[in-house]
Amino acid sequence: MSKFEELVPEHVRALGAYTPGKPLRQAERESGVRMIKMASNENPLGPSPKALEAMRAVMTQVNLYPDNEVSQLRLRLAELHGVRPEQTVVTNGSTALLGVIARTLLRPGLNAITSERSFIIYPIATKAAGGRLIIVPMTNDSYDLDAIAAAIDGNTRIIFIANPNNPTGTMIDVPRMDAFLRQVPEHVIVILDEAYCDFATDFAAARSLEYSHSIDHVREERNLVVLRTFSKAHGLAGVRVGFGLGPAGLMQYFHRMRTTFSVTALAEAAALAALDDLEHFRKTIANNRRGAEFLTSKLREMGYRPIPTFTNFIFFDAGEDAAALSKRIQAQGVIVRPLGPWGIPTAVRVTIGTLEQNERFIAALSRATEKAEVR
Ligand SMILES: Cc1ncc(COP(=O)(O)O)c(C=O)c1O
């Protein structure tokens with residue numbers, strides 16, 4: 001055992017590293033062609049122009065520390081959701097908040113529960129806090145909520161639910177979620193991760209489904225925390241800003257556990273401006289709906305069975321080694337996400353792009369598989 005292994009606690013040594021989507025420049029170096037990235041569920045229309053303007057305006061003051069309380073944004077989020085500012089917490093991305101929640105509620109001997117094929121940060125956050133993660137199998141590519149309820153024991157403190165789920169793109173509708181929440185005992189906090197809520201609201205309305213009552217539950221101060229992010233529909237993944245809404249008595253501990261000054265003045269200004277940029281938001285949602293329809297029908301024509309999405313990405317089983325297929329797609333100039341790290345070695349996740357990007361992806365996939373693209 002090296003000196004460092006002796007110093008680092010066992011639960012930290014056991015941590016695996018997060019494998020992010022391939023950075024654009026690295027993929028361009030590897031393939032020697034101009035790339036588009038459809039691997040990390042970012043906004044293909046770019047950041048909101050209003051957010052860019054707001055960031056430019058605060059740039060001259062970055063010699064000063066930001067407001068540690070993120071007061072303006074918290075006030076705005078509280079108003080927007082009809083909750084009290086004490087029920088809000090803002091962090092540098094919702095990924096950071098997942099870490100804060102796990103470190104606040106877990107320790108060795110306690111556990112969290114989630115589903116297989118879900119957001120890859122849940123295991124990392126749980127294990128980094130010294131907790132044990134119980135992973136429950138899926139049914140029909142979606143969370144098996146009955147199995148999750150059955151897995152709860154006296155040492156459970158957290159249930160992580162991504163709704164809609166990444167990477168399958170599936171949604172749990174209101175009747176299923178509410179029936180589940182009624183079964184969860186008082187010693188367990190449900191983390192409802194709604195990173196893709198804006199897309200889900202749109203798809204659910206189009207399919208006559210009801211997406212979520214999560215904010216009503218927050219208003220009732222139930223044992224539940226809703227996570228949202230500015231990284232997806234608002235196009236601010238690079239500035240890192242996300243938030244949580246939950247019971248004030250619990251949120252105060254998350255405030256104490258957050259890294260001080262971790263939300264920058266640029267991030268707060270950008271988020272506030274993005275909330276006001278309804279034009280960019282609506283364009284994003286409309287582009288996503290059109291893109292989902294285009295990609296789903298093209299993939300079906302090619303013989304795949306993509307799962308109907310409630311998000312800004314599409315999951316499909318390629319029926320072959322997805323890592324090798326993704327490399328061939330990358331050679332054609334498109335980066336997608338093979339899902340081997342999720343334990344699904346034949347599945348691919350592709351982010352919905354602009355119309356031009358979606359066409360490029362379909363052309364790249366056709367060439368990579370030598371499947372004729374039906375026009
Ligand atoms: C389910 C889910 N939650 C949270 C996030 C992370 O968002 P953020 O950029 O705010 O850390 C993602 C990003 O891909 C996600 O898929």
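Author: The answers below set each value against its definition. This is a predicted model, in which local features need pLDDT of at least 70, side-chain atom pairs count only at pLDDT 80 or more, and totals for chains, interfaces and linings use all residues. Residues are numbered from 1 along each chain as its sequence is written, and side-chain values use heavy atoms, with hydrogens and water left out.

Reader: What makes a run of residues count among the helices and strands of the protein?

Author: Helices (H or I, at least four residues) and strands (E, at least two) are DSSP runs, numbered from the N terminus. The protein has 16 helices and twelve strands.

Reader: How do you know that β9 and β12 pair?

Author: Pairing requires that DSSP find at least two bridges between two strands. β9 and β12 (residues 347-351) have five bridges, in the antiparallel sense, and therefore qualify. Phenylalanine 313 stands opposite threonine 351 in β12.

Reader: Why are β9 and β11 called edges?

Author: The open sheet has three strands in the order β9-β12-β11, with antiparallel pairing. β9 (313-317) and β11 (337-338) each have a single partner strand, so one side of each lacks a neighbour in the sheet.

Reader: What makes the radius of gyration agree with a compact globule?

Author: The radius is taken over C-alpha atoms, and the globule rule is 2.2 Å times the number of residues to the power 0.38. For 375 residues a compact globule would have a value near 21 Å; the protein has 21 Å, so the two agree.

Reader: What percentage of the residues is called buried?

Author: Buried means under 20% relative accessible area (1.4 Å probe, protein chains only). Of the 375 residues in the protein, 54% are buried.

Definitions and conventions. Buried means under 20% relative accessible area, exposed over 50%, partly exposed in between (1.4 Å probe, protein chains only).
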